[in-house]
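Good morning, everyone, and thank you for making time for this.

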Amino acid sequence: MATEHAVAETLRRRMLTDIGAGTLPPGARLGSERELSEHYGVSRATLRQVLAALEEAGLVRRVAGRGGGTFINHAKVEHDLTKVVGVPAYLARQGYSAGTRVVATRMGVADAPTRRALQLAEGDLVVDVRRLRLADGTPFSLDQARLPADRFPGLLEQPLGGSIYELIENDYGVTIADAEEVVEVVHATDEEAALLGVTVGDPLVSITRTTYDTAGTPFEFSHDLFRSDRVRITLRTPGRGLRGVPGGDGPHFATISSVPATG
């Protein structure tokens, strides 16, 4: 049983690598079970097991009837705005292998938006961490987090490939309470497109976030850019019924505001 599981997991990772590398591009029709089992050197039973798992994850879709078959799809990562969790945690819950590449780190004087968000004085320093996030080896977000330098001494010397939230909870004793997030659609710049593997001008989901501790003090001001073809935003808004809160002012809420037209 353990050997069969290992073979299936190896096949799953090989197929994910092929999809991520473009060997099996979105929309491509897979070969027959016989062809695929021969290509990957596995039994049909193992192949069916892996295809079922990939379909459940949304990476492939099966179409019945003449001209049907199994086609490559790109699953979208679910990003739940009602919960403040690190990227590795919500990727793991959805069955993805999380990866991180640290693009840049620095310590510098906070700019005006960061000072306002973090309630800092002019001239205060922040640590700035920019990271590329991967889901099963494929880029899906570019994150930039800024935190007060005096509150998190030595942060840049810590391993930054995992969850910063877990790191500051474990090493700095900060308990995360909630966050305010602003969601917009922007277009990829040259640098962003190169890092995320998209075309310049492609739409990206932008989330600007201020995160607070249990005392109500902001400790993180961040800007995340998600590939729009790789992420789906979910949230839960309280209503007036049994599960809601009278008046609608519950712990999770969404505010929609208009943006002035330009041009």
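I will begin with the protein as a whole and then go through some of its parts.

What we are looking at is a predicted model, in which local features need pLDDT of at least 70, side-chain atom pairs count only at pLDDT 80 or more, and totals for chains, interfaces and linings use all residues. Residues are numbered from 1 along each chain as its sequence is written, and side-chain values use heavy atoms, with hydrogens and water left out.

The protein has seven helices and ten strands, where helices (H or I, at least four residues) and strands (E, at least two) are DSSP runs numbered from the N terminus. Buried residues make up 38% of the 263 residues; here buried means under 20% relative accessible area, exposed means over 50%, and partly exposed is in between, with a 1.4 Å probe and protein chains only. The protein exposes about 14800 Å², of which carbon and sulfur atoms supply 51%, and these areas come from the Shrake-Rupley method with a 1.4 Å probe, where for residues only the protein chains shown count as cover. If we take contacts, meaning heavy atoms within 4.5 Å, between residues at least 6 apart in sequence, then 56% of them join residues at least 24 apart.

Let us turn to the helices. Which residues of helix 3 are buried? They are Thr-46, Leu-47, Val-50, Leu-51 and Leu-54. These residues cover an arc of only 130° around the axis, which puts them on the same side of helix 3, the arc being that of the directions from the helix axis to the C-beta atoms. As a general point, an α-helix has 3.6 residues a turn, so residues three or four places apart point the same way. The face of helix 3 turned away from its buried side carries the exposed residues Ala-45 and Glu-56.

Helix 2 can be read in a similar manner. Its buried residues are Leu-36, Ser-37 and Tyr-40. They cover an arc of only 100° around the axis, which puts them on the same side of helix 2, while Glu-38 and His-39 are exposed on the other side. Helix 2 is followed by Gly-41, whose phi is positive, near 70°.

Now for the interior. A nonpolar core is a set of buried Ala, Val, Leu, Ile, Met, Phe, Trp, Tyr and Cys residues joined through side-chain atoms within 4.5 Å. The largest one has 16 residues, and those that touch the most other members are Leu-11, Met-15, Leu-30, Tyr-40, Leu-47, Val-50 and Leu-54. The elements that give two or more residues to this core are helix 1 (2-21), helix 2 (33-40) and helix 3, and helix 1 gives the most, with five residues. Met-15 touches Tyr-40, Val-50, Leu-51 and Leu-54, if we leave out residues up to four places away in sequence. A second, separate core of 15 residues includes Ala-145, Phe-152, Tyr-165 and Phe-219.

Next come the aromatic rings. Rings of Phe, Tyr and Trp (its six-membered ring) pair if their centres lie within 6.5 Å, and planes under 30 degrees apart count as stacked, over 60 as edge-to-face and the rest as tilted. By this rule the count comes to three aromatic pairs. In one of these, the rings of Phe-152 and Tyr-172 have their centres 5.3 Å apart and their planes at 80°, so the pair is edge-to-face. This pair links distant parts of the chain, since Phe-152 is in the loop between strand 6 (138-148) and helix 6 (164-172), and Tyr-172 is in helix 6, 20 residues apart. Phe-152, at 1% relative accessibility, counts as buried, whereas Tyr-172, at 21%, counts as partly exposed. Together with Phe-219, they form one aromatic cluster.

Finally, is Gln-119 buried or exposed? At 59% relative accessibility, Gln-119 counts as exposed. Gln-119 is placed in the loop between helix 5 (112-118) and strand 5 (125-135), and has a positive phi of about 55° although it is not a glycine.
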